[in-house]
Amino acid sequence: MLSAIVFFPLISAGIILVLLRDARQIKVFALAVTVLELALAIAIFVVFRVEDYNVVDNMELVEDVSWIAALDIRYHLGVDGLSVPLVLLTALLGMCAAFASWSVTHRVKEYFVWLLVLQTAVTGVFVSLDAVLFFIFWELELLPMYFLISIWGSGRREYSAMKFIIFTLLGSAFMFVGILALYFSTGTFNLVELQGVEGARLLLPAGAIFAFLFIGFAVKLPVWPVHTWLPDAHTDAPTAVSVMLAGVLLKMGGYGMIRLAVGMFPGRAQEYAWLLAVLAIISVLYGAVVTIRQTDLKRLVAFSSISHMGYVLLGIASVVGAGGVVNAVGLTGAAMQMFTHGTITGLLFLVVGLVYEKAHTRHIPDMGGLASNMPVIAVVFLLAGLASLGLPGTSGFVSELLVFLGTFEVWGWITALAVFAIVLTAGYILWMLQRAFFGPQLPRFAGVGDTTALEAVPMVALVAAIMVVGVYPAVVSDVFALGLEPIVTSLQQGAVP
Amino acid sequence: MTLHDVYLLSPELSLAALGLVVILVDMTFRNKGLLAIVSVVGLAVPIALSLILWSDLGGEPGAQMTGIFGTLAVDKFSLFIKFLVLGVVGLVIMSSVGYVSNIRFFPGEYHGLMLFSASGMMLLAATTDLISIYIALELTSLPLAALAAFQRDSRSTEAGMKFLLLSAMSSAVLLYGMALVYGFTGTTHLDGILERLGQALDPSVPFGSYGLFIGVVMVVAGFGFKISAVPFQMWVPDVYEGAPTPVTAYLSVASKAAGFAVILRVFYVAFGEISLDWSGLFAVLSALSMTVGNLVAIAQRNIKRMLAYSTIAHAGYLLAGVAAIAARVPEGESSIGPSGVLFYLVGYAFTNLAAFFAIIAISNRTGSEMISSFAGMGRRAPLLAIVLAFAMVSLLGIPPTAGFMGKLYVFSAAMKADLAWLVVVGVVNSAVSAYYYLRVVRVMYMTDPEDEERVPVVRVPMVALYLTGLGILALGVFPGPIMNVAEKAAGVLF
């Protein structure tokens, strides 16, 4: 079942490449594929919740066959509570991205092929339980992104695409060293067996391997000071790719950080938690302050991502515990923040793309009064913006609350600063909304219309996801908590009294 | 020479005979198209003979048949290289079908020289004596020098001359090194050297003795020229750029494979006793080659020159596998360095040949080898462009390609041999190389072409192109079988 969800988009991409010619046909086919993929993801989520199917070592839906015997590399897939919501998120945003790509007219065939390959790669990252397989999917995602940004992007797209590639490759280079060092210390690439491996005799000092893994994931998350690729890549990428990039690709970093870096080296994570907390608060504040200064709508949303992903790292920094107790709240908050940021920022990029398509500008000072031209888009934008600043009743509130609850006891002052960043967030979101959508109606936007039915589909889907999780967060947070249980247990042994 | 020796030597002998037949065909028949057909079809004979030898060896690990006074060893290691060289020479001849018609003189000799050189490479992998190694090396190099100058224009002539002079110089250095090793051990036979070294080493001195030290370093320098490792790489860019492109392809793949084969054999067998000393030497050369190759490649505008520097970088990755010796590996486990090198050579052969074949086809039409002249090839020659792009991705080492699996294998070997620093240098270098490999992809797919005319394709070279392209993918997805064979082949060295 997991193989199906991983390779279905890839096979479909092959079908598009070989069999389909007509642009409209390709679009309809790709839409159908992503909708089916979402159905498959929901099915996996449900099966995971109600039944124990093929359970091995806490992992469900496991598939495990030997792949490359000479190096002990296995084709090993499985999901637990940590990965299953992210698989769902990938499928959801994959569908939204396909819908958002309806207006693509340039080299349509290649575009959808790469978009589907990208989905395979990202899904593969979340379900791989073999370190090399994980790494292969991790790297596989680079090529589609490179092409999608540099062919269908805007602005300095080739520069941005290359920057994205080099940053990620450098980060993953260190991760690769870490993975190899682990393999030759323990003789296994199995991510489940490697949990809590730091006690074993390792080829390199445990702190070094932890640092290697952390650097690889920090580039992806991204964490200040290795975040500089993100604003460029986001701003120059086409809408659908920004949705995927912000929505799920950044989550690969958070996921890897929790499953590999913290899961394998709980003690080292606790030792360096102060550093994580400092980096997190810098990312949060720096991201927020820089966001306020942005005049490009898309760049603004991009920078806000840096700030929001800082909360993920902050949640992870709570692993050190307080008073001898590590509670699961902070980590669950980090995981929740990944999920909710995926839906919220995905939605923000989606509406930014629509605004640009219709008003032909992203320059905020040039805008104004757009709400009367495009009421639906304005309302959705407002909703997404409010969710982004953490309004109660939206999913953004839940995840940020969890992060703060989890970290306040541990990092009191830092958390207080992070809470302050919410004010900044409110500032830039509301100010941006006010400048772009309200105020007097401008004559040059006279002919600008509202959303079409087709464009509304992904918006409705994402708004629904935001509201459902906002009102009843347990639907996702319980699953995350379940998946994080073993990690929290192992952290408990090293908790600071 | 007994009949058994002839049997052991039969692949090389039949290949040399094939070279003569091709030259005779050239003199007898007017139709020059026959030459490539005879060469490629004729390769079936040495391949069949090698297969017979392989099956004759049986399943025993380390099985070996020796002949010609113990200087020739037929084992799975040498046969592995033979298959590789034969495959490469066949593909290169197929790819040069359109290209040779541009060369006005001596098409027969072109094929003949290529086959002679290949027989030298095959011999190189199979000899176990310093003197016969030297002879095989010359048999490899002299035809290559002639081939490099085959175009007879100023650049090609310069390439041939440079190759001839520098390979003569490196041979001299190598010979001097061999003489010193002989002076120290009193034998030229590899097993004999190992035996003598076991008795007469002074552990307080690097390499056990200063004389031997100088000798081994000179041997390293001599071989370093052949595999284009830094700091013995200066001939590479000019020769690669000036030589006819199929010859460059051949040079970059086959002669490199043969060079690594002989390095593995000499150092793992003869100098096994002092492996800890030379392993450090190779690790440093490896780091230097990767770094220099990659950094200089970034600045190149000519695609053949860029691939020349890229081949230097890849020599560096391969040397990481050579440095991963058994003595560094934890007790009770074996080194996977040599098998990693062998696998990498196969993957690199497919990848580099695919790249060069696409370049041959494209630059035949455009008449230029500048990277900028590949603009818009994604539209003008979709199939060629896709294979060239895939080859670039494989050279860069992103899955699902042979290049990724090769790097995974050699870096694993280095990590297992406690060379973590070298792995870090290697992976950072791979990341840097994205800049220049992806530039080719970018130019092909994101820049508008000068004219829209389709690039014509010739059928036979296209078959070679597809084979190599599929090879990259197959090794990237299912590397298992070749890795197993490489493991068996490398087992001979321990």
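Okay, let's start where the chains meet: 26 residues of chain A are in contact with 28 residues of chain B, contact being C-beta atoms, placed from the backbone, within 7 Å. On the chain A side, the elements giving two or more residues are α5 (131-140), α6 (142-152) and α7 (157-186). α7(A) gives the most, with 12 residues. By class, that side has 23 nonpolar, 1 polar and 2 charged residues. Nonpolar here covers Ala, Val, Leu, Ile, Met, Phe, Trp, Tyr, Cys and Pro, charged is Asp, Glu, Lys and Arg, and the others, Gly among them, are polar.

Quick housekeeping. This is a predicted model: local features need pLDDT of at least 70 and side-chain atom pairs 80 or more, while totals for chains, interfaces and linings use all residues. Residues are numbered from 1 along each chain as its sequence is written, with chains lettered from A and ligands numbered from 1 in the order written.

Now chain A itself. It has 20 helices and 2 strands, taken as DSSP runs numbered from the N terminus: H or I of at least four residues, E of at least two. Buried residues make up 63% of its 497 residues, meaning 20 or more other C-beta atoms, placed from the backbone, within 10 Å of a residue's own.

And the strands? β1(A), residues 60-68, runs antiparallel to β2(A), joined by 6 bridges; pairing takes at least two DSSP bridges. D64(A) stands opposite H76(A) in β2(A). The hairpin has 4 residues between the strands, and D72(A) takes a positive phi near 65 degrees. Finally, 6 of the 7 residues of β2(A), residues 73-79, are buried, so that strand is largely enclosed by the rest of the structure.

Conventions
Contact = placed C-beta atoms within 7 Å. Buried ≥ 20, exposed ≤ 12 C-beta atoms within 10 Å, placed from the backbone.
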